[in-house]
Amino acid sequence: MLLHELFLLLIVVLLLAAAAVGVTIWVVAEHDREEKLKLRIKHAIIPENQPITTLDEELTLVRSTSRLDQLKERAAGLIGVDLQQAETYPIKWWLVPPLALLITLLVMWLASHPLGRHVKIWLIVKYFLSPVLWYVVDRFIFNWFKNRRNARLIEQFPDALNTIVRCVRVGIPMGEALRTVAKDAQEPTKHEFTILADKVTIGIPLDIALRELAERVKLTEYQFFATAITLQARSGGGITQTLETLAEVIRKRVALKSRGYALTAEARMSSMVLTALPFFAGGGLFWLQPAYIKVLFVTSGGQAVLGAAILLMAAGIGVIQFMISNVLK
């Protein structure tokens, strides 16, 4: 009974910690928003007789952030949250920690059947490995969100570059070329270039808007694109050949990755078949011999075997996917 209460207390502590992190990030974001609004109002009411000086922007993709922003990003980064991309996640980012907690509880419940009889081992798994598992599941979910979106961005980026090249060759300004990409591209490229074109439209310099795009997306291809456009805007010269070369390189990389998927199709299909086969076999046995298969559900030994089998199967699938992803990188 005491162990059960301690486990419930651990769950409550984890929930309170997740809620505290969420509230802290929200409060910090609101404070930053108010400070930025005050700063904009202050600049908007500058007297006319005050001289306005302009400073040249440094040609760099490094963004200077305040200590408060750095603290906020580090606090969110502990569980894998990218605050600059949080709005692009399929679900609200603060729903992921409770979801990871539910997955952790499910895994612990399955592990309790084969390990429940070994008290010392079960206590170690229950109170030391469960927080680690919750942390790993959190980071896995957020990394999956990021990698899936980045893969689509890279696949769509060559078409966006070719659109910019065609617009520039016929004499369309760079700002209108970016707006054309924002209109014609698919998501998520459409979203990113819409933000970029809107910033250029309201008067933000092109190099600053491109630098913010590269910082937000965090892809090498976008950083190279931002640097190339910035150099062309400041020093002049043709940009079409550079963008065409970049588009061709990205297309070759995407084709190489597709070839890797084709070569690993057999392994991926084998993992799916091995995953589905136990369920089909169990369903067939339950239809033909219900008393035979019910042993796994009504007896303690059967539940232990069933829990161990599910955990081992999940671990095997994870190892296969890890090996395939490393090969494709």
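A residue counts as buried when its relative accessible area is under 20%, as exposed when that area is over 50%, and as partly exposed in between. The legends below use these words for a predicted model.

**Figure 1. Overview of a chain built from helices.** The chain contains 13 helices and zero strands. Read along the sequence, its pattern is therefore written α-α-α-α-α-α-α-α-α-α-α-α-α. Of its 329 residues, 29% count as buried. Among contacts between residues at least 6 apart in sequence, 68% join residues at least 24 apart.

**Figure 2. Thr-189, a buried residue of helix 6.** Thr-189 belongs to helix 6, which covers residues 189-201. Its relative accessibility is 1%, so Thr-189 counts as buried. Leaving out residues up to four places away in sequence, Thr-189 touches Leu-153, Gln-156, Ala-160 and Tyr-222. One of these neighbours, Gln-156, also takes part in a polar contact: its side chain and the side chain of Thr-189 are paired at 2.6 Å.

**Figure 3. The packing of helix 4 against helix 6.** Helix 4 spans residues 119-169, and its axis lies 9 Å from that of helix 6, at an angle of about 60°. The two helices are therefore oblique to each other. On the side of helix 4, the contact involves Arg-149, Leu-153, Gln-156, Phe-157, Ala-160 and Ile-164. On the side of helix 6, it involves Thr-189, His-191, Glu-192 and Phe-193. By class, the residues of this contact divide into five nonpolar, three polar and two charged.

Figure 4. Glu-192 lies in helix 6, and glutamate counts as charged. With a relative accessible area of 1%, Glu-192 is buried. Neighbours within four places in sequence are set aside in this view; the residues in contact with Glu-192 are then Gln-85, Arg-149, Leu-153, Leu-213, Arg-216 and Val-217.

Figure 5. Glu-187 and Pro-188 are joined by a cis peptide bond, with omega at about 5°. Pro-188 is found in the loop between helix 5, residues 174-184, and helix 6. Most peptide bonds are trans.

Figure 6. Thr-163 has its place in helix 4. The relative accessible area of Thr-163 is 15%, so this residue is buried. Apart from residues up to four places away in sequence, Thr-163 touches Thr-180 and Val-181. The C-alpha atoms of Thr-163 and Leu-178 are 8.7 Å apart in space, while the two residues are 15 apart in sequence.

**Figure 7. Lys-218 in the loop between helix 7 and helix 8.** Lys-218 is found in the loop that lies between helix 7, residues 206-217, and helix 8. Although Lys-218 is not a glycine, its phi is positive, at about 60°. Most residues other than glycine have a negative phi. The relative accessibility of Lys-218 is 46%, so this residue counts as partly exposed.

**Figure 8. Thr-227 in helix 8.** Thr-227 lies in helix 8. Its relative accessible area is 28%, so Thr-227 is partly exposed. Asp-207 is 20 residues away from Thr-227 along the chain, and the C-alpha atoms of the two are separated by 8.2 Å.

**Figure 9. The pairing of helix 8 with helix 9.** Helix 8 covers residues 220-235 and helix 9 covers residues 240-263; their axes come within 11 Å and cross at roughly 175°. An angle over 145 degrees counts as roughly antiparallel, and helix 8 is therefore roughly antiparallel to helix 9. Helix 8 contributes Glu-221, Phe-224, Phe-225, Ala-228 and Ile-229 to the contact, and helix 9 contributes Thr-242, Leu-243, Leu-246, Ile-250 and Arg-253. These residues comprise seven nonpolar, one polar and two charged.

**Figure 10. Helix 9 from end to end.** Helix 9 has 24 residues, and the distance from its first C-alpha to its last is 35 Å. This span is close to the 34 Å expected at 1.5 Å a residue. The buried residues of helix 9 are Thr-240, Leu-243, Leu-246, Ala-247, Ile-250 and Gly-260. Among them, Leu-243, Leu-246 and Ile-250 also belong to the contact with helix 8.

Definitions and conventions: Residues numbered from 1 in each chain as written. Predicted model: local features only at pLDDT ≥ 70, side-chain atom pairs only at ≥ 80, totals over all residues. Heavy atoms only, no water. Axes fitted to C-alpha atoms, helices over the stretch in contact; angles between N-to-C directions. Helix = DSSP H or I, 4+ residues; strand = E, 2+ residues; numbered from the N terminus. Parallel < 35°, antiparallel > 145°, perpendicular 65-115°, else oblique. Contact = heavy atoms within 4.5 Å. Expected span 1.5 Å × (residues − 1). Buried < 20%, exposed > 50% of the residue type's maximum accessible area, 1.4 Å probe, protein only. Polar contact = N/O pair within 3.5 Å; in protein donor to acceptor, adjacent residues only side chain to side chain.
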